[in-house]
Amino acid sequence: MITVNEALDHLFALAPAMPRETVPLLQARGRVMIEDAVARRSQPPFAASAMDGYGVAAGAAQPGQSFDVIGEASAGHGFAGVVGPAQSVRIFTGAPVPEGVGHVVLQEDCSRDGARLTITGTPGEGTNIRPAGGDFHEGDRLGAPRRLTPADLALLASMNVAEVPVSRKPVVALISTGDELVMPGETPGPDQIIASNTFGLHALIEEAGATARLLPIASDNAASLATAFELAQGADVVVTIGGASVGDHDIVARVAEEIGMERAFYKIAMRPGKPLMAGRLGEAVMIGLPGNPVSAMVCGHLFLLPVLRAMMGLPASPAPRINAVLGADVGANGPREHYMRARLSGGVVTPFDRQDSSFLSILSDANALLVRPISDGPRKSGETVEVVPLSRES
Ligand SMILES: Nc1nc2c(c(=O)[nH]1)N[C@H]1C(S)=C(S)[C@@H](COP(=O)(O)OP(=O)(O)OC[C@H]3O[C@@H](n4cnc5c(N)ncnc54)[C@H](O)[C@@H]3O)O[C@H]1N2
Ligand code: MOO
């Protein structure tokens, strides 16, 4: 059996890179920008007032000083004249600062009588003026590759960049297999259960910025599975769920190979997730996930997400790990790397007692996977361990 990292390397080698496309900002959320964006203007483009108040000459903002108010500057409407040492302008937040003004005094620190202004408070040291280019300058770059966040989109808009080059979203076909499965909302027969990890994986894929295509459940026979593979044509990644193990009805590997899948690996030294398989299927990469619901989801985090990220142009790297302090004693680990469902809180990670790879209630409570290396000895509470965060602490 190969290791988790060896399996990941195989998958990165199999994964096709997505072509480039250009999208307007409103469609760019969560997309991977694959070329640097260059600011087409500076921000602010002019020295701008940060407050509502009165603009006076630098050094003139002293308690008791009086000025003639000679005009007004507001956002979108500058004051064209020059402001002399005994003069001031009414000015509002965002307005271009007129020539001659070096300080904006807050209106709370002033009293006004007609065209006469007197500083009644004590203006602070700060000038309340934002210098031109204080945020960024024309020509500054937002580096790629990066998955665009809401903040990035606001920055790009501010740079006057209206559309961005991104990688096309990978299309992932999801095939659940098994005579026992029905869809949520349907009425299962006495020996049937509801397809579940299919929906978790769908959400993981969409959250990663790819497109998930849920195909009809395939029955445990070659014809049904072959039909599902046909329906998956055109996808960049074909993911099967279940039928990966050694039972008489576990036919995914055989049927996939019959239709031309070139196997890269089968079985990894990992728990849960041992019967994972992968290979090339035409232009696509095929990933055969184990059916146990938690196994499929853990493999989704550890393999599918890194592969999708790499396909979209992000660095080919494993699921991020952090260090945490162990919150309970744990026994020795066996010959497979164990990803224990755990709760991470305040830097302390505590594995759940029940680690059955079919218990979704435990996975739902977990927000991290505690990584137990192959043949790791027993560990005491308080030792430092590695953790793969699954979601934010809550
Ligand atoms: N003799 C052996 N038996 C098993 C081994 C082994 O090494 N030797 N490995 C075990 C491990 S580990 C796993 S993991 C499972 C994986 O089996 P399959 O990938 O063949 O999955 P199935 O048998 O089809 O299903 C397993 C389990 O999961 C349920 N399932 C399947 N798909 C879904 C779905 N989409 N949603 C919800 N539940 C699903 C299915 O009903 C089964 O209960 O094999 C062990 N056996
Ligand atoms: O690897 Mo299986 O995924 O342990 O349950």
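This is a predicted model: local features need pLDDT of at least 70, side-chain atom pairs count only at pLDDT 80 or more; totals for chains, interfaces and linings use all residues.
I started at ligand 2 and sorted its shell by class: 2 nonpolar, 4 polar and 2 charged residues. For the classes I took Ala, Val, Leu, Ile, Met, Phe, Trp, Tyr, Cys and Pro as nonpolar, Asp, Glu, Lys and Arg as charged, and the others, Gly among them, as polar. The shell itself is Arg-271, Pro-272, Gly-273, Lys-274, Pro-290, Asn-292, Ser-295 and Ser-357 (C-beta, placed from the backbone, within 6 Å of the ligand).

Residues count from 1 along each chain as its sequence is written, and chains are lettered from A and ligands numbered from 1 in the order written.

Next, α1 against α6. I found the axes of α1 (residues 4-14) and α6 within 10 Å, crossing at roughly 35 degrees (lines fitted to C-alpha atoms over the stretch in contact, angles from 0 to 180 degrees between N-to-C directions; helices are DSSP runs of H or I, at least four residues, numbered from the N terminus). The crossing is right-handed (near helix turned clockwise from the far one by less than a right angle). From α1 come Val-4, Ala-7, Leu-8, Leu-11 and Phe-12, and from α6 Leu-302, Phe-303, Pro-306, Val-307 and Ala-310 (contact: C-beta atoms, placed from the backbone, within 7 Å). I counted 10 nonpolar residues there, no polar and no charged.

Last, I looked up Val-387, whose contacts beyond four places in sequence include Arg-321, Ile-322, Leu-344 and Leu-370.

Methods. Two residues are in contact if their C-beta atoms, placed from the backbone, lie within 7 Å. Helices (H or I, at least four residues) and strands (E, at least two) are DSSP runs, numbered from the N terminus.
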